[in-house]
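Trainee: I would like to go through the labels used here and ask what stands behind each. Please set the values against the definitions.

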Amino acid sequence: MSGLILKNGYVYDPLNGIKGEKMDICIENGKIVEEVSDAKVIDCSGKVVMPGGVEIHSHLAGGKVNVGRMLRPEDHLKNVYPKTKLTRAANGYSTPSTFLTGYLYAKLGYTTAFTAALPPLMARHTHEELHDIPMLDKGALTLMGNNWFIMRYLKRGDVELAAAFVAWLLKAVKGYAIKVVNPGGGEAWGWGRDVRSLDDPVPHFDITPREIISGLVKVNEMLALPHSIHLHANNLGRVGNFATTLETMQVPNGTKPARERQVLQLTHAQFHSYGGDSWKNFASEAESIAKAVNSNENVIIDIGQVVFGDTTTMTADGPMEYYLSSLTGLKWANKNIELETSPGVTPFVYSKRSPVSAVQWAVGLELALHINDAWKVLLTTDHPNGAPFFKYPTIIAWLMSSKYREETMKEVHSAAQKNTTLATIDREYDFYEIATITRAGQAKSLGIQETKGHLGVGADADVAVYDINPEEIDPSRDYKLIEEKFARTSYTIKGGEIVVKDGEIVKVVQGKTLYIDARVDESLEREVMRDIDYYFKRFYSVNLANYPVQEVYLTNPTPVQIDATNVR
Amino acid sequence: MQRYTDVICSFCGTLCDDIEVVVEDNKIVDVKHACRIGTAKFLASNDYEHRLLKPMVRKNGKLVEVSLDEAIEEAARILKDATKPLLYGWSSTSCEAHSVGVELAEELGGVIDNTTTVCHGPSVLAIHDAGYISCTLGEVKNRADLIIYWGANPMHGHPRHLSRYSIFPRGYFRERGQQDRELIVIDVRKTDTAKIANKFIKVNYGEDYELISALRKVVNGGELREESVAGVPREEIIALAEKMKNAQFGVLFFGMGLTQSYGRHRNIDNAINLVRDLNAHTKFVIMAMRGHYNVTGFNEVLSWQAGFPYAVDFGRGYAWYNPGETTANDVLQRGECDAALIIASDPVSHFPRKSIEHLARIPFIAIDIHPTPTTQLADVVIPSAIAGIEVEGTAYRMDAVPLRLRKVKEPPEGVLSDVEILRRILARVRGEEALTAKAEVAK
Ligand code: SF4
Ligand SMILES: [Zn+2]
């Protein structure tokens, strides 16, 4: 493979502190290198060069996404792309087909993406879909907040056994991180119930959400996993839920991270920052949440921004999806998964005329603008919950232009004016901050910053080149141009190969699949295997031998080795 | 002698994964834990007399043995020459085969459909309208105290469903197994499953919809004025509705008695909404009793690759879905397809006469394990290995839990997997070099 030189672009590389300097980026054998002799030169003058985008939370693949597809054939009759010589037939708007998911991310300049919620028993399905998503390196956040083994170990105070179980589970299902969704609520939903506060006991398990969260934080740091725990807090989408969120952020207080990162990622914080006590006085509490994030070293958020339009909501938060579908009366899918979790799916329309949608839209932007340090904010829409991921360029434009926000505010229900602080904020993001919240911050949070999210020597050669001249374009004024240019790269380079040129796919590639291979102490492992064996024989509907996902399901399987033998 | 444990039975949608198989000299000599029909499938793999072993092509009206390369070449020619080929079957093979099938259909601009079209197609349509409130089978085992089979007779169709997942097993919250649960069967006749039920409710033929509506009325607090509905007395309906509301965890399994009787997808739509109504009072779920072991897997693969669960027409270059238009029988009966590829299915035995008449008129390829009326009528016949016995692969249980099928013995000499056969056809359709035997199955 001959090399590439990206010549003379304006480089934004926050992990290396590079703020729009004119530089050349050299690529050889899929890596960023100091210099390269035999290389094709790409003229990037007048263009923005950033590391390839990193998606940290998107419902890309798996049972729940496919239930969304089956639930909504109407979603696949729009956004249709016929087969070409290079690309497969592709379709879907809020639940794009696997192929389309890969193509669309690549066109946005994204080169890595993590799927937000892998239910262990259904892991093989998630990996089958990931297998069929081209263009991206991939990984899966693994659902554990309602897992029977974990709840039982933590209740007994057996944090070490819980850690050994987590290590086993991640390896068995080829997962990457600990995802916690409505801790305790998923199990309660097995009886049609929910938990509504951090101290509500989980039926029959006699453990509280607070204990589950603090226990899993401990486990995560004991194993020193690359990512922190990734928490979808209790009471998602409920009026007045900000109080629960504030309390949740305190739970890991005093915990020291085992790596250079947060100990808690509060995911899609937008859905957790609501005030008021009824839908009538529904209001933003984004400022309180932002304040708490500003003063808390342990916590970062991803936004979960809402963009107006039709979408499909899907989470492992079964009771929430039921609640939402009973508000809208729209069709509803649910799937309780034995011993593990309980996802649900229902369509939703964020309407500009709805006061609630208008406030939700403002809340996400307020969070991003009130949190001072861009490293504590990650851009997500919780695809497809707030909006499909390909709306990112619109959100980027809103963040870069207060004028654009004002313009939009005029079109939406006045609740966005009255019940939020958005109209009072002048702050505008610059390109460096945009690069931080779309790639560098994600890579750091995921613990993959050695090879991803930057353009220093030794990084994977994943690069996005945008046709934006930062010396000529004023994002504050030219926001429409920003929106347009971030939607299709001039070049996307994946592993040193040009995969997108001028917004079109020019090469289809298969990425890597990252998973955690953590080794724990042998006697601890033996002990946990005895429990696993006992539970599988009695309570699972599949045999233990048929549970682990074989490596054949993964494209370019890439285990991340962790030595956790000191846990005992 | 080789003993295999944790083998998956690739026969019905119960997809039992606890089978033990003993193999000697590439023959299965013992099968443990499987039911009668599952055991029969395993043992039948020994019987080469009733297997398809040699590829055949019809010449001068007669099927004659040919080399595999010639059969592949002829299959590719037939498909390439067609304007709109139909690719049908799929429910008894692996997801890896489905995946190549979708790519082939896309390449050809053809129609791809599976047996959903003749079994749970109405359930899929109902899901589009109403949703699907379900769970995995282990949830039923651990929690369910009320189990209802409606228009389904698992004693015959899914023999181990009752013992593995629903009424008999002990579960975490149902320590005493059967004693902690109640079984109700609703059907038009007293089936063998009904005979072991705590209660059998006989519904008039074709009046399931009315009975579901009556139950919904009572569940939602309405007053039932009729003396009886669908042949069921008022008191019984009220008692059943109350029982459903008061269950801690109830499950409604439904079969083709509900999908293929008068009302079809409207029955299922109504049943899903009954379960939704019940969720205002307690925990209740619903599940389709899928028949073929991997009918579910096909719906999954096609959904993630093409956006729709069955009946997809790639004629426009992208996926078009319109059941009633793009479904196999409709395509055949309108005489719209001018060639076909039938895989792991025997439509000649099961499709309506009008469909078969058209199939007989057009050139078509059959890929299967055994000779069937369909392979007898085909123009190209390609024998294949048995997924789950002779080759690995993936299958989805009726509750969409995916399992890895195991290989316990070698296929007959020269016989390839469905995946490999389809890959070779696809390569030839694209005009690529013929693949060699070395091009192994990637996953
Ligand atoms: S119930 Fe079905 S899957 Fe289980 S052994 Fe019998 S035929 Fe096989
Ligand atoms: Zn999410």
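Predicted model: local features only at pLDDT ≥ 70, side-chain atom pairs only at ≥ 80, totals over all residues.

Trainee: Which residues of α10 (318-328) of chain A are buried, and what makes a residue buried?

Mentor: They are A:Gly318, A:Pro319, A:Met320, A:Glu321, A:Tyr322, A:Leu324 and A:Ser325. The word requires a relative accessible area under 20%; over 50% is exposed, and in between is partly exposed (1.4 Å probe, protein chains only). Just after α10(A), A:Gly329 has a positive phi of about 75°. The helix itself is a DSSP run of H or I with at least four residues; a strand is a run of E with at least two, and both are numbered from the N terminus.

Trainee: Why is A:Gln270 called buried, and what does A:Gln270 touch?

Mentor: Its relative accessibility is 0%, so A:Gln270 counts as buried. A:Gln270 sits in the loop between β11 (264-266) and β12 (274-275) of chain A. Leaving out residues up to four places away in sequence, A:Gln270 touches A:Ile303, A:Gly304, A:Val306, A:Gln360, A:Val363, A:Gly364 and A:Leu367.

Trainee: What makes phi of A:Asp382 worth a remark?

Mentor: Phi of A:Asp382 is near 55°, a positive value in a residue other than glycine. Most residues other than glycine have a negative phi, and most peptide bonds are trans. A:Asp382 lies in the loop between β18 and α12 of chain A, and its relative accessible area of 0% makes A:Asp382 buried. A:Pro384 is in the loop between β18 (377-378) and α12 of chain A; the peptide bond joining A:His383 and A:Pro384 is cis, with omega about -5°.

Trainee: What is phi of B:Asp6, and is B:Asp6 buried or exposed?

Mentor: Phi of B:Asp6, in strand β1 (residues 2-7) of chain B, is near 55°, a positive value in a residue other than glycine. The relative accessible area of B:Asp6 is 17%, so B:Asp6 is buried.

Trainee: Why is α3(B) called roughly parallel to α18(B)?

Mentor: Helix α3 (residues 95-108) and helix α18 (residues 418-429) of chain B have axes that come within 9 Å and cross at roughly 20°. That angle makes α3(B) roughly parallel to α18(B). Angles under 35 degrees count as roughly parallel, over 145 as roughly antiparallel, 65 to 115 as roughly perpendicular, and the rest as oblique. Axes are lines fitted to C-alpha atoms, for helices over the stretch in contact, and angles run from 0 to 180 degrees between N-to-C directions.

Trainee: What makes α3(B) oblique to α13(B)?

Mentor: α3(B) packs against helix α13 (residues 295-306) of chain B at an angle of about 40°, with the axes 9 Å apart. The angle therefore makes α3(B) oblique to α13(B). The contact is made by B:Cys95, B:His98, B:Ser99 and B:Val102 of α3(B), with B:Gly297, B:Phe298, B:Val301, B:Leu302 and B:Gln305 of α13(B). By class, the contact of α3(B) with α13(B) has 5 nonpolar, 4 polar and no charged residues. Ala, Val, Leu, Ile, Met, Phe, Trp, Tyr, Cys and Pro count as nonpolar, Asp, Glu, Lys and Arg as charged, and the others, Gly among them, as polar.

Trainee: Why is α12(A) called oblique to α15(A)?

Mentor: The axes of α12 (residues 392-400) and α15 (residues 431-446) of chain A come within 11 Å and cross at roughly 140°. That makes α12(A) oblique to α15(A). The contact is made by A:Ile396, A:Leu399 and A:Met400 of α12(A) and A:Phe431, A:Ile434, A:Ile437 and A:Thr438 of α15(A).

How values were computed
Residues numbered from 1 in each chain as written. Chains lettered and ligands numbered in written order. Heavy atoms only, no water. Contact = heavy atoms within 4.5 Å.
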